[in-house]
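This briefing is meant to be read beside the sequence and the coordinates.

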Amino acid sequence: MFVDIHATDVNNIYAVTADGKVAYSTSGGSFSNGNVNWMEKSNLALSNSSIKSFTISSPTGTGIMVGNEGTVWSTADGGALWTNLSNSFKPLPLTSVAFDDNYPLEAFIVGDNGTFLHSEDKGISWKILNSGTSANLKDLGMDNNSGILVGDGVIAEVFSSSAPIITNT
């Protein structure tokens with residue numbers, strides 16, 4: 001089952017399954033004569049983890065997948081080869097990951113219990129930031145060094161490596 005999709009431009013689209021299979025389209029995900037124009041980029045065949053979110057930076061080709069039990073995988077080559085970074089994060093339940101393509105070295109991860117992580121080196125190393133909440137954070141979007149994160153009863157504005165500004169809903 002596919003769980004997330006990310007487009008780096010109108011033609012190049014990635015989709016990821018819960019068990020870590022990455023499919024790739026160079027034709028905007030279109031179909032031709034009833035055939036799907038998607039290729040398998042990689043298949044991690046993860047048995048005990050469930051991927052929740054995936055992103056890839058269009059300027060660098062760096063990608064990150066996150067999921068249950070602190071699952072974190074990274075790629076530096078557009079998804080052909082993946083490195084398991086999960087041991088650094090267990091047992092954090094991670095739900096969303098985002099790059100800011102205007103600042104391609106920076107990546108962010110959110111998760112349950114207010115988990116908020118920031119990387120300044122394309123996801124190689126991470127630091128825990130204070131999110132200011134213990135709510136389960138569900139999704140995150142970044143653009144031009146700022147963004148929005150949402151979760152159970154919260155919406156927050158994010159500015160690069162500072163703590164989010166929480167608004168309870």
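This is a predicted model: local features need pLDDT of at least 70, side-chain atom pairs count only at pLDDT 80 or more; totals for chains, interfaces and linings use all residues.

The largest nonpolar core has 13 residues, the largest pocket has a volume of about 250 Å³, and the structure holds one salt bridge.

**Nonpolar cores**

- In the largest nonpolar core, which is made up of 13 residues, those with the most contacts inside it are F108, V110, F116, L140, M142, L149 and V158.
- The elements that contribute two or more residues to this core are β12 (103–111), β15 (137–143) and β17 (154–159).

**L149 and its strand**

- L149, which is listed among the residues with the most contacts inside the largest core, has its place in strand β16.
- With a relative accessible area of 0%, L149 counts as buried, because the cut-off for that class is under 20%.
- Between L149 and L137 there are 12 residues of separation in sequence, while their C-alpha atoms are 7.2 Å apart in space.

**The largest pocket**

- The largest pocket, with a volume of about 250 Å³, is lined by 21 residues, of which H6, T55, V97, A98 and L140 lie nearest its centre.
- Two or more lining residues come from each of β1 (2–7), β7 (51–56), β11 (94–100) and β15.

**The salt bridge**

- K21 forms a salt bridge with E40, and the closest N and O atoms of the pair are 3.5 Å apart.
- K21 lies in strand β3 (residues 21–25) and E40 in strand β6 (residues 39–43), so the pair ties together parts that are 19 residues apart in sequence.
- K21 is partly exposed at a relative accessible area of 29%, and E40 is likewise partly exposed, at 48% relative accessibility.

**Nonpolar surface patch**

- I148, V150 and I155 make a nonpolar surface patch of about 220 Å².
- I148 lies in strand β16 (residues 146–151), the strand that also holds L149.
- At 44% relative accessibility I148 counts as partly exposed, whereas L149 is buried at 0%.

How values were computed. Residues are numbered from 1 along each chain as its sequence is written. Side-chain values use heavy atoms; hydrogens and water are left out. Patches are made of residues with over 30% relative accessible area and no salt bridge: like charges are joined within 9 Å, nonpolar side chains (Val, Leu, Ile, Met, Phe, Trp, Tyr) within 5 Å. Accessible areas come from the Shrake-Rupley method with a 1.4 Å probe; for residues, only the protein chains shown count as cover. A salt bridge is a side-chain nitrogen of Lys or Arg within 4 Å of a carboxyl oxygen of Asp or Glu. Helices (H or I, at least four residues) and strands (E, at least two) are DSSP runs, numbered from the N terminus. Buried means under 20% relative accessible area, exposed over 50%, partly exposed in between (1.4 Å probe, protein chains only). A nonpolar core is a set of buried Ala, Val, Leu, Ile, Met, Phe, Trp, Tyr and Cys residues joined through side-chain atoms within 4.5 Å. On a 1 Å grid over the protein atoms alone, a cavity is a set of points where a 1.4 Å probe fits but cannot get out, and a pocket is an open set with protein on both sides within 12 Å along at least five of seven lines; lining residues have an atom within 4 Å of a point. Grid points are joined across faces, edges and corners, and a volume is the space filled by probe spheres set on the points.
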